[in-house]
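Welcome! Let's get to know a protein model together, one question at a time.

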Amino acid sequence: MSRKQDKPVISELIFSNSVQEDMEYIPILSEDDDEFSEQVKIPDNLPILPLRNTVLFPGIVLPITVGRDKSIKLIRDAYKKNKLIGTLAQRNPNINEPEGKDLYKVGTIAQVLKILEMPDNSTSVIIQGKKRFIAEDITSTSPYIKAEGEDKEFTAIISSLKDLALRIIQLSNNIPQEAGFAIKNIENPTFLINFVSSNSDIKPEEKQQLLEITDLKKRAIRLLEYLTRELQMLELKRDIQSKVKVDIDQQQREYLLHQQMKTIQDELGGNPIDQEIQELEKKAKKKKWSKEVDSTFRKELDKLQRLNPAAGEYSVQMNYLYTLLELPWNEYTKDNFDLNRAKKILDEDHFGLEKVKDRILEYLAVLKLKGDLKSPILCLVGPPGVGKTSLGRSIARALNRKYTRVSLGGLHDEAEIRGHRKTYIGAMPGRIVQNIKKAKSSNPVFVLDELDKVGKDYHGDPSSALLEVLDPEQNNAFYDNYLELEYDLSKVMFLATANTLSTVNSALRDRLEIIEVSGYTLEEKIEICKKHLLSKQLKAHGVKKGHVEFSDKVIEFLIDNYTRESGVREMDKTLASVIRNIAKQVAFGEKTEKKLTTASIEKILGSPKYLKDKYQGNEFAGVVVGLAWTAVGGDILYVETSLSKGKGGLTLTGNLGEVMKESAIIALEYIKSHCESFGISSEVFEKWSVHVHVPEGAIPKDGPSAGITMATSMISAFMQCKVKSNVAMTGEITLRGKVLPVGGIKEKILAAKRAGIAEIILSNENKKDIEEIPAMYLHGLTFHYVDKISEVIDLAVTKEKVDKALNIV
């Protein structure tokens with residue numbers, strides 16, 4: 001139903017002279033079955049009153065306001081002579097001088113009931129709709145618009161309109177309840193339709209459409225659609241208002257409770273929220289941050305004070321401010337430049353690792369002389385358990401700096417480095433900023449552990465984020481997404497660790513100062529056990545030093561038979577097993593063996609886990625000892641070659657990788673092309689098939705360092721001659737027979753020494769690697785440096801034939 005509408009305004013330029021008195025009257029819309037419409041006779045030329053913003057329905061009494069003289073003239077003329085007028089709604093209410101095309105064709109015959117002169121000199125008129133009509137033609141627009149009409153009858157009853165209209169009256173606050181009483185008492189269905197249509201809150205265009213519908217049933221159905229839409233809008237408004245009211249009531253309730261709580265807290269001695277904010281301001285005054293950071297803090301603090309403490313954003317904002325305050329902006333620890341003390345601490349904590357220690361002392365020396373130096377980005381690369389990570393703590397102690405560490409193993413989200421934006425739920429700074437906050441210093445020793453195990457997926461590439469962290473030219477303005485501020489990392493001493501560089505991003509590797517940390521020798525492991533591990537395990541298990549003694553022989557037995565590694569981690573765990581057994585004996589009050597023997601170690605730990613690799617002799621042709629590098633240190637491996645009559649094929653077994661297979665093919669092709677120089681007939685390669693095998697087939701093997709070993713093994717097999725005893729070799733071979741250098745020399749040398757090897761053949765270019773190994777570890781070994789495979793054959797293959805030699809022809 002409609003609200004109280006403004007009185008409709010009659011179009012300005014539609015009236016002038018009076019209506020003619022002598023007219024013929026004909027029925028309007030004779031086909032209309034409208035029971036309520038009066039049987040009135042209409043003149044052929046009917047004066048037309050255009051209406052703006054309203055539609056008059058039959059039976060409806062409507063007050064309107066007229067303002068211009070010619071408008072008043074038409075009304076007064078019709079009222080004076082008790083004549084009927086026609087009302088047509090304007091299509092566009094903004095047109096002041098409507099013509100026939102500007103008016104709808106269907107309108108209502110009306111009678112002027114009353115003319116009222118108002119105090120403001122305006123004229124109001126009350127008209128009543130009588131019957132619908134169709135304007136066939138406009139016959140005159142002067143003195144006012146006239147039209148021909150045709151009468152039609154309406155019949156239809158749509159009773160459901162009454163219930164819908166009553167429901168709308170109940171929901172609407174702008175319709176008086178008396179309207180419901182009026183609707184209940186309307187008996188005539190046609191008048192009900194017209195009454196509801198006239199008073200509904202629908203557009204004038206839609207009212208005009210209703211008026212133009214000839215069939216009463218169709219008109220009622222159309223009205224029902226409009227009322228249904230209006231009812232839905234009212235119900236939606238009611239639901240929205242109800243929700244808003246609930247939200248407002250909840251907010252008002254919370255506000256009142258907070259005000260009451262504040263009053264109570266003030267009575268008890270202050271508001272904790274205000275006290276917390278004051279505490280933040282107090283801490284901020286002590287910070288040494290820049291103007292930019294201070295400005296950001298003040299802005300975010302103002303934002304916090306405007307927030308409701310019960311809102312979820314309040315805690316997010318509070319956490320951000322606490323993060324800013326807890327970071328050590330421009331706070332540094334003072335370095336200790338006593339180089340002798342630093343060297344002593346490094347030697348105490350770690351046995352060996354001379355390269356790393358020298359580099360740290362160099363850094364300290366330059367820092368002492370210059371007073372300011374960008375921290376180096378060191379990367380320690382080596383096998384597990386050699387002390388790469390623990391070295392960071394020793395460096396921090398030597399420099400008198402704070403220590404912090406972050407493990408990068410399995411990291412695959414860039415946000416772990418740069419942080420999450422604080423708009424996200426559960427956002428936090430990146431690992432770098434978090435650990436700086438934890439260290440409470442802006443120049444700690446920062447260990448980036450397991451750099452080679454950083455992952456990469458759709459979340460981003462953490463290695464790319466580390467480029468900024470580990471670049472001395474950029475990390476003075478490291479940007480964290482959570483802080484949304486730059487933080488200076490240039491004074492931080494980063495120390496990265498990795499087991500291999502093959503998986504490290506090349507751009508990242510370029511920013512690192514690589515220091516290779518090789519495995520420990522047997523002698524070094526014995527010293528580490530005596531100086532560090534033994535005392536550590538005795539203390540950890542509550543066993544006094546007087547309860548047990550380990551001799552060098554016992555420690556060597558334990559290392560050789562129960563560990564196989566480059567580092568000392570497995571040795572530490574094995575030693576712990578021995579000490580636990582002794583602790584149990586002490587706790588039970590049993591008699592303990594003070595001086596442990598190899599027999600007592602075997603009794604505690606069981607049979608040896610590893611059999612020591614030993615040289616197995618040279619009785620067979622084609623068996624040569626090679627040297628290999630593994631993740632747990634150096635090892636020796638045997639390359640075996642056997643010949644069988646066939647078509648000259650090459651078979652490779654032993655779980656070999658592609659590179660190692662290629663080395664075997666290159667070795668065979670070299671021998672074929674130089675067979676005469678070795679005294680081998682070229683026909684042999686067509687009559688005998690070659691099978692090369694590397695034992696321990698369950699273990700994958702790869703790399704080019706077995707090239708010269710395979711070539712020597714094949715030549716020995718073709719010549720059926722023995723290989724020189726106690727000789728091992730390592731080196732890559734080319735098709736030209738050149739011997740190239742390989743890596744892992746120290747580990748390989750140690751493996752050879754453990755196996756009882758006396759002579760080692762290497763590339764001439766590996767001589768520099770041997771020179772870097774302390775002389776004490778090279779005792780008892782003879783090195784032969786070569787450039788060509790022919791030199792290797794001369795050194796390794798003897799002229800002595802093996803027993804039961806094959807007749808190779």
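Me: What should I know about the model before starting, and from which number are residues counted along each chain?
Reply: This is a predicted model, in which local features need pLDDT of at least 70 and side-chain atom pairs count only at pLDDT 80 or more, while totals for chains, interfaces and linings use all residues. Side-chain values use heavy atoms, with hydrogens and water left out, and residues are numbered along each chain as its sequence is written, from 1.

Me: How many helices and strands does the chain have?
Reply: Helices (H or I, at least four residues) and strands (E, at least two) are DSSP runs, numbered from the N terminus. On that basis, the secondary structure of the chain comes to 26 helices and 27 strands.

Me: What share of the residues counts as buried?
Reply: Buried means under 20% relative accessible area, exposed over 50%, and partly exposed in between (1.4 Å probe, protein chains only). The chain has 809 residues, and the buried share is 49%.

Me: Among contacts between residues at least 6 apart in sequence, what percentage joins residues at least 24 apart?
Reply: Contact here means heavy atoms within 4.5 Å. Of the contacts in the chain between residues at least 6 apart in sequence, the part joining residues at least 24 apart is 75%.

Me: How many salt bridges are there?
Reply: Side chains of opposite charge can pair when their charged atoms come close. A salt bridge is a side-chain nitrogen of Lys or Arg within 4 Å of a carboxyl oxygen of Asp or Glu. By this rule, the salt bridges number 24.

Me: Which residue forms a salt bridge with Asp-449, and is Asp-449 buried or exposed?
Reply: Asp-449 has a relative accessible area of 4%, so Asp-449 is buried. The closest N and O atoms of its salt bridge are 3.2 Å apart, and the partner is Arg-405. The pair links distant parts of the chain, 44 residues apart, with Asp-449 in strand β12 (residues 445–449) and, in strand β11 (residues 403–407), Arg-405.

Me: Which helices are tied together by the salt bridge of Arg-431 with Glu-416?
Reply: In the salt bridge of Arg-431 with Glu-416, the closest N and O atoms are 3.1 Å apart. Arg-431 is partly exposed at 26% relative accessibility, and Glu-416 is partly exposed at 27%. The two residues are 15 apart in sequence, so the pair ties together parts in helix α14 (residues 431–439) and helix α13 (residues 415–418).

Me: At what angle do the axes of α17 and α18 cross?
Reply: Two packed helices are described by the angle between their axes and the distance between the axes. Axes are lines fitted to C-alpha atoms, for helices over the stretch in contact, and angles run from 0 to 180 degrees between N-to-C directions. The axes of α17 and α18 come within 10 Å, and they cross at roughly 115°.

Me: Which backbone oxygen does the side chain of His-541 reach?
Reply: His-541 lies in the loop between α17 (522–540) and α18 (552–562). At a relative accessible area of 25%, His-541 is partly exposed. Its side chain comes, at 2.8 Å, to the backbone oxygen of Gln-537.

Me: Which side chain joins that of Ser-442 in a polar contact?
Reply: Ser-442 lies in the loop between α14 and β12 and is buried at 1% relative accessibility. A polar contact is a pair of N or O atoms within 3.5 Å; within protein, one must be able to donate a hydrogen and the other to accept it, and residues adjacent in sequence count only if both atoms are side-chain atoms. At 2.7 Å, the side chain in polar contact with that of Ser-442 belongs to Tyr-487.

Me: Is Ser-506 buried or exposed?
Reply: Ser-506 lies in helix α16 (residues 506–509). Its relative accessibility is 51%, so Ser-506 counts as exposed.
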